[in-house]
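Here are my notes on the structure you sent. Please keep the model open while you read the points in order.

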Amino acid sequence: TRRIAVSGTASGIGQALARLLREQGDEVIGVDLRDAEVNADLATPEGRAHAVASVLELSGGVLDGVVACAGVSGPTPLTVRVNFFGVTALLDGLRPALAAAERPRAAVVGSIAGIQPADDNVVEACLDDDERTALALSDAAVERGEGRRLYPSSKTALARWLRRVSITPEWAGNGIPLNAIAPGVVLTPMSAPLFEDEAMRQVMDKAVPMPLNGYASAEVIAEALRWLVAPANSHMTGQVIYVDGGAETVLRGPVY
Ligand code: NAI
């Protein structure tokens, strides 16, 4: 039995992934605000420390996989706290348990928003692991009326962090692939408000065009994450894989 820690298991993509993994016989240690094996708030340093300590205890210090799905999408500093610092702290904290496993794998959930306009200063502060500054800059962005840049900023920073750390001795050197799935629009409770009025939906369809099969279900994203943390993925690392109905290709164009 493989033992895999998954954050965000109470809803959406994390919930779908936990179901798929359990169906194939894996043991899942879920982490979420509630309704999980480990109830913890990944927005705060204390909550992250509690999450890491509890998962380490439940797993006996050995983990075959870690997948960070928990996230929020509001135009507020909370989004930076959860989507960047909550994810990186969980992965860093659990890395020793991954290193202790035979074929460890790790994955995070990015977003097509990671290629949309971000606040470069927030991104830099995230990459400096300076949460105080990142949050002060996030507050300032909200005051300027640019809170909508915080979600893209959190996902841009996460993608860059992934590229930096995946190839280091700590990750690659310990045989731990670390990759991201970046979805387009996925039908989950997070995206539900976007469908509440027609004008908002039109703006979204323009921002995230999905010529291949339209909006995705949570299961489709979970299937891709499942492969990233399967033993079969022995040689892919540092990659952000767009499972987005073609949105990234439309938005960035045909030149690779
Ligand atoms: P969701 O809202 O259905 O599920 C997110 C889960 O994360 C919830 O169970 C929530 O309680 C948990 N969570 C939020 N804040 C937390 C905190 N402080 N501590 C612990 N757990 C916390 O959302 P969904 O759609 O499943 O999102 C999962 C990931 O996918 C997120 O990282 C999101 O940014 C990403 N994503 C979602 C897209 C969509 O269209 N739904 C598109 C692109 C990326």
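**Notes on the model**

1. Leu-150 is found in helix 6. Helices here are DSSP runs of H or I with at least four residues, strands are DSSP runs of E with at least two, and both are numbered from the N terminus. This is a predicted model, in which local features need pLDDT of at least 70 and side-chain atom pairs count only at pLDDT 80 or more, while totals for chains, interfaces and linings use all residues. Residues are numbered from 1 along each chain as its sequence is written.

2. Is Leu-150 buried or exposed? Leu-150 is buried, because 28 other C-beta atoms lie within 10 Å. The term buried needs 20 or more other C-beta atoms within 10 Å of the residue's own, exposed means 12 or fewer, and partly exposed is in between, with C-beta atoms placed from the backbone. Contact means that the two C-beta atoms, placed from the backbone, lie within 7 Å. Pro-117 is 33 residues from Leu-150 along the chain, and their C-alpha atoms are separated by 9.4 Å.

3. Thr-133 lies in helix 5. This residue is partly exposed, with 15 other C-beta atoms within 10 Å. Asn-121 is 12 residues away from Thr-133 in sequence, and the C-alpha to C-alpha separation is 9.2 Å.

4. Which order do the strands of the sheet take? Seven strands form an open sheet in the order 3-2-1-4-5-6-9, with parallel pairing. Strand 3 (38-39) and strand 9 stand at the edges with a single partner strand each, so one side of each has no neighbour in the sheet. Two strands count as paired if DSSP finds at least two bridges between them.

5. Now the individual pairs. Strand 1 and strand 2 run parallel over five bridges, and Arg-3 stands opposite Glu-27 in strand 2. Five of the six residues of strand 2 are buried, so the rest of the structure largely encloses this strand. Strand 4 (residues 65-68) is joined to strand 5 by four bridges, also in the parallel sense. In that pair, Val-67 stands opposite Ala-107 in strand 5.

6. Helix 1 packs on the sheet and touches strand 1 (3-7), strand 2 (27-32), strand 4 and strand 5. The direction of helix 1 makes about 165° with that of strand 1. Helix 6 (residues 150-165) packs on the sheet as well, touching strand 5, strand 6 and strand 9, and its direction makes about 160° with that of strand 6. For these angles, axes are lines fitted to C-alpha atoms, for helices over the stretch in contact, and the angles run from 0 to 180 degrees between N-to-C directions.

7. Strand 6 (residues 178-183) is mostly covered, with six of its six residues buried. Leu-178, Ala-180 and Ala-182 point one way, Asn-179, Ile-181 and Pro-183 point the other way, and all are buried. Strand 6 pairs in the parallel sense with strand 5 (residues 105-109) over four bridges, where Val-108 stands opposite Ala-180. Strand 6 also pairs in the parallel sense with strand 9 (residues 240-243) over four bridges, and Pro-183 stands opposite Val-243 there.

8. The largest nonpolar core has 77 residues, and those with the most contacts inside it are Leu-17, Val-67, Ala-68, Leu-94 and Leu-225. Helix 3 gives the most to this core, with 11 residues. A nonpolar core is a set of buried Ala, Val, Leu, Ile, Met, Phe, Trp, Tyr and Cys residues joined through C-beta atoms within 7 Å. In soluble globular proteins, nonpolar side chains tend to be buried together. Beyond residues up to four places away in sequence, Leu-94 touches Ala-5, Val-52, Val-55, Leu-63 and Val-66.

9. Asp-129 is not a glycine but has a positive phi of about 60°; it lies in the loop between helix 4 (120-127) and helix 5 (131-143). Asn-213, also not a glycine, has a positive phi of about 65° and is found in the loop between helix 7 (198-207) and strand 8 (216-217). Asn-213 counts as exposed, with 9 C-beta neighbours inside 10 Å.
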